[in-house]
Amino acid sequence: MWLGVDDTDSREGMCTTHLAGDLIAAINHAGLDVIGYPRLVRLNPTVPWKTRGNGAIAIQFGRGGGGRHLIGQVEGERYGRERLRAHGDTGGLFPQLVEVVRRRARLDTPGTNPGLVMSRVKPPVALYRRAVHHIMDREEVAAVLEDAGAVYRGFNDGRGIIGAAAALAWRPGDATYEVITYRNGGRRWVDEESVRHMDRRCPDTFDNYDYLHRHVKILPASPCPVLYGIRGESPEGVREAMHQVASSPVRRWLLFQTNQATDAHLEKTGAGEVRPFSSVAVTGTVSREPRTIRGGHVLFEIRDATGGVDCAAYEPTKEFRDVVRRLRRGDVVTVCGGVREEPLTVNLEKMFIRRLAKIREKRENPVCPDCGKHMKSAGGGQGYRCARCGRRAGEEAARMVPVERGLHCGWYEVPVVARRHLAKPLRRMGVEAPAPDTE
Ligand code: ATP
């Protein structure tokens with residue numbers, strides 16, 4: 001059996017991952033086991049109505065078999081089982097889970113529209129792909145759920161069933177892990193030095209700390225019950241890292257398998273085909289050189305056979321903008337990022353420089369072969385003229401030298417402080433291991 005839940009939180013509090021802990025407790029209370037790890041699935045990062053990171057939860061449960069592994073601490077230790085042995089008796093469980101959501105979700109907050117889905121059959125993976133790349137509507141998702149024989153319940157306008165169903169539909173190929181600790185009502189404090197120490201000691205984790213900006217990335221920016229979250233390549237790695245962070249009391253924690261840091265959101269697109277509310281990877285030639293606008297944002301344009309698109313490295317991307325400012329007309333790049341509606345720009349997360357245009361600058365005017373003196377410019381594009389004898393030379397006669405670009409072909413990414421949930425850090429490029437689709 002699969003359970004999906006989404007949209008239970010508001011900007012002022014709660015967090016759907018926290019509610020996942022209550023759902024797991026209820027599942028265990030009914031004598032059933034969590035299979036594998038609970039999942040935190042990030043969906044389209046450009047949906048306008050997300051609270052924060054557009055994350056939804058999926059949990060597989062039933063009667064478990066095989067080994068057991070620690071998945072968290074929620075009113076005591078919680079374990080997951082390796083595999084599903086039998087479905088178990090799930091009759092009567094759905095109303096109990098609905099009750100957990102009703103009690104714990106921020107139902108009175110406008111914009112909080114929880115959705116809960118329970119299904120023996122996983123919805124087709126196409127549903128996940130659509131939800132991570134496009135905007136979907138509730139009816140479209142409800143039709144897929146009816147086909148799958150799922151039971152579902154929406155609160156308020158019920159939009160949460162979109163995320164809940166899409167999270168169920170995810171098949172982990174490339175996947176990462178995140179351990180999330182919760183302070184509940186308590187203080188949010190971590191010892192910065194312990195985070196740096198953990199970052200150096202736990203190479204299996206990533207995006208913990210931005211050394212240049214002295215930014216503790218594991219801390220959320222919102223007033224939710226989360227204390228901190230550590231991301232990494234393996235469950236053991238993030239669990240070990242958690243024990244190295246000195247913080248205010250951890251009241252509960254949970255370990256999630258996630259699609260974070262996998263680039264699942266990016267779709268290859270032509271420059272002229274970029275649409276709002278999508279995330280794209282576009283290859284093109286720089287056609288308008290970078291310019292810095294008010295606020296420190298850097299804009300440029302690329303073109304391919306399908307047209308052109310504006311690209312932006314916004315101020316929060318910090319020193320990444322220095323790389324972007326060095327681009328010149330004729331450079332060939334692949335830009336990756338989310339697309340806003342207004343202005344319609346690719347909001348850069350990373351960039352691959354494929355080819356650097358050879359740019360030459362004038363070092364010296366030509367020398368007159370008769371007089372041995374440097375000639376003078378005869379005016380824009382008119383070539384050169386010797387001031388003494390009047391002899392003329394073309395533009396090409398000047399001594400030109402290649403410009404040192406200060407760039408190399410390859411990947412560049414925004415710093416940790418500006419990293420988005422789904423963006424794959426360069427240190428993960430090449431380590432991903434797409435698993436066969438077994439679910
Ligand atoms: P948090 O990350 O703290 O859990 P959030 O950013 O996930 O919060 P939600 O409150 O879950 O924000 O709001 C996202 C809403 O958008 C949910 O109702 C979800 O069902 C819906 N949604 C997710 N993906 C899509 C999509 N591709 N098209 C339309 N709606 C979507």
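**View 1. Arg419 lies in the segment after strand S24 (410–413).** The model is predicted: local features need pLDDT of at least 70 and side-chain atom pairs count only at pLDDT 80 or more, while totals for chains, interfaces and linings use all residues. Residues are numbered from 1 along each chain as its sequence is written, and side-chain values use heavy atoms, with hydrogens and water left out. Strands (E, at least two residues) and helices (H or I, at least four) are DSSP runs numbered from the N terminus. Arg419 has a relative accessible area of 11% and is therefore buried; buried means under 20%, exposed over 50% and partly exposed in between, with a 1.4 Å probe and protein chains only.

**View 2. The side chains of Arg419 and Glu413 are joined by a polar contact of 3.3 Å.** A polar contact is a pair of N or O atoms within 3.5 Å; within protein, one must be able to donate a hydrogen and the other to accept it, and residues adjacent in sequence count only if both atoms are side-chain atoms. Leaving aside neighbours within four places in sequence, Arg419 is in contact with Asp207, Lys217, Glu413, Val414 and Pro425. Contact here means heavy atoms within 4.5 Å.

**View 3. The ligand is surrounded by 23 residues.** The closest are Asp7, Asp9, Thr51, Arg52 and Asn54.

View 4. On its own the ligand has 640 Å² of accessible area, and the protein covers 98% of that. Accessible areas come from the Shrake-Rupley method with a 1.4 Å probe; for residues, only the protein chains shown count as cover.

**View 5. The protein chain around these sites has 8 helices and 24 strands.** Its C-alpha trace spans about 100 × 50 × 40 Å along the principal axes. Of the 439 residues in the chain, 54% are buried. Among contacts between residues at least 6 apart in sequence, 69% join residues at least 24 apart.

Conventions: A residue is near a molecule or strand if one of its heavy atoms lies within 4 Å of it.
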